[in-house]
Amino acid sequence: MSSPVRTALVGALLLASASASAVQAEDASVKVRLEARGVKYVVDDDGDFRVTYNYAKEKRTQLVYVSGNTGSIGGFSIRKIFSPAARVEKDGITGAKALELMDDSRKKALGGWELSGEVLYYVIKLPDSIDAVQLESAMDIAAEAADDMEIEFSGDRDDL
């Protein structure tokens, strides 16, 4: 193998390794913040931190995810917190209901409704510099909004 090709391969491997290390560092920062608040979590196959909220009084649970990686825009490192609320087809999300969800998003001080595939999520996108208390607060907001909407769509059914 010629020296320039070998140099390019080594450079590519080092860059990939550095990128993997950066992602692991981001994951570690979420882990530290969740553990600082005593939040129990499971890391899923996508690397997202999954937290199950238990509303014992209402006999309901609600999943909330903290993205295991960040996005970057305008110099900001952004972390997503998201919680599923409904399934498009199963829960009958029509064009009219989608317009209502857009209006509801406009009224929210933090976060809004998004579709990913066939699932409706309440999504909050924040700078990754938020502290543990702020992260937990955003998770609480997402869980409550999603669970309230799930009740609206499906009544007593609690499958998200």
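Predicted model: local features only at pLDDT ≥ 70, side-chain atom pairs only at ≥ 80, totals over all residues.

Student: What makes up the secondary structure of the protein chain?

Tutor: Three helices and seven strands, in the order α-β-β-β-β-β-α-β-β-α along the sequence. Helices are DSSP runs of H or I with at least four residues, strands are runs of E with at least two, and both are numbered from the N terminus.

Student: Why is Arg 60 called buried?

Tutor: Buried means under 20% relative accessible area, exposed over 50%, and partly exposed in between, with a 1.4 Å probe and protein chains only. Arg 60 has 6% relative accessibility, so it counts as buried. Asp 147, at 4%, is buried too.

Student: And what makes Arg 106 exposed or buried?

Tutor: Its relative accessibility is 61%, so Arg 106 counts as exposed. Asp 103 comes to 31%, so that one is partly exposed.

Student: How do you know that Arg 60 and Asp 147 form a salt bridge?

Tutor: The term asks for a side-chain nitrogen of Lys or Arg within 4 Å of a carboxyl oxygen of Asp or Glu. Here the N to O distance is 3.1 Å, and the pair is a salt bridge. Arg 60 lies in strand S3 and Asp 147 in helix H3, so the pair ties together parts that are 87 residues apart in sequence.

Student: Which others pass that test?

Tutor: The structure holds eleven salt bridges. One of them joins Arg 79 and Asp 128 at 2.8 Å, N to O. Arg 79 is in strand S5 and Asp 128 in the loop between S7 and H3, so this bridge links parts 49 residues apart in sequence. Both partners are buried. Arg 106 and Asp 103 pair at 3.0 Å, and both sit in helix H2 (residues 95–107), three residues apart, about one turn of the helix. Shared partners also join Arg 33, Arg 79 and Asp 128 into one network.

Student: Why are S2 and S3 said to pair?

Tutor: Two strands pair if DSSP finds at least two bridges between them. S2 (residues 49–55) and S3 have seven, in the antiparallel sense, with Tyr 53 opposite Gln 62. S3 and strand S5 (residues 76–87) have two bridges, also antiparallel, with Val 66 opposite Ile 81.

Student: What makes something a nonpolar core?

Tutor: A nonpolar core is a set of buried Ala, Val, Leu, Ile, Met, Phe, Trp, Tyr and Cys residues joined through side-chain atoms within 4.5 Å. The largest one has 29 residues, of which Ile 81, Leu 120 and Met 139 touch the most other members. Helix H3 supplies its largest share, nine residues. A second, separate core of five residues includes Tyr 65, Phe 82, Val 119 and Val 123.

Student: Which residues does Ile 81 contact, neighbours within four places aside?

Tutor: Contact means heavy atoms within 4.5 Å. The partners of Ile 81 include Val 64, Tyr 122, Leu 135 and Met 139.

Note on methods: Residues numbered from 1 in each chain as written. Heavy atoms only, no water.
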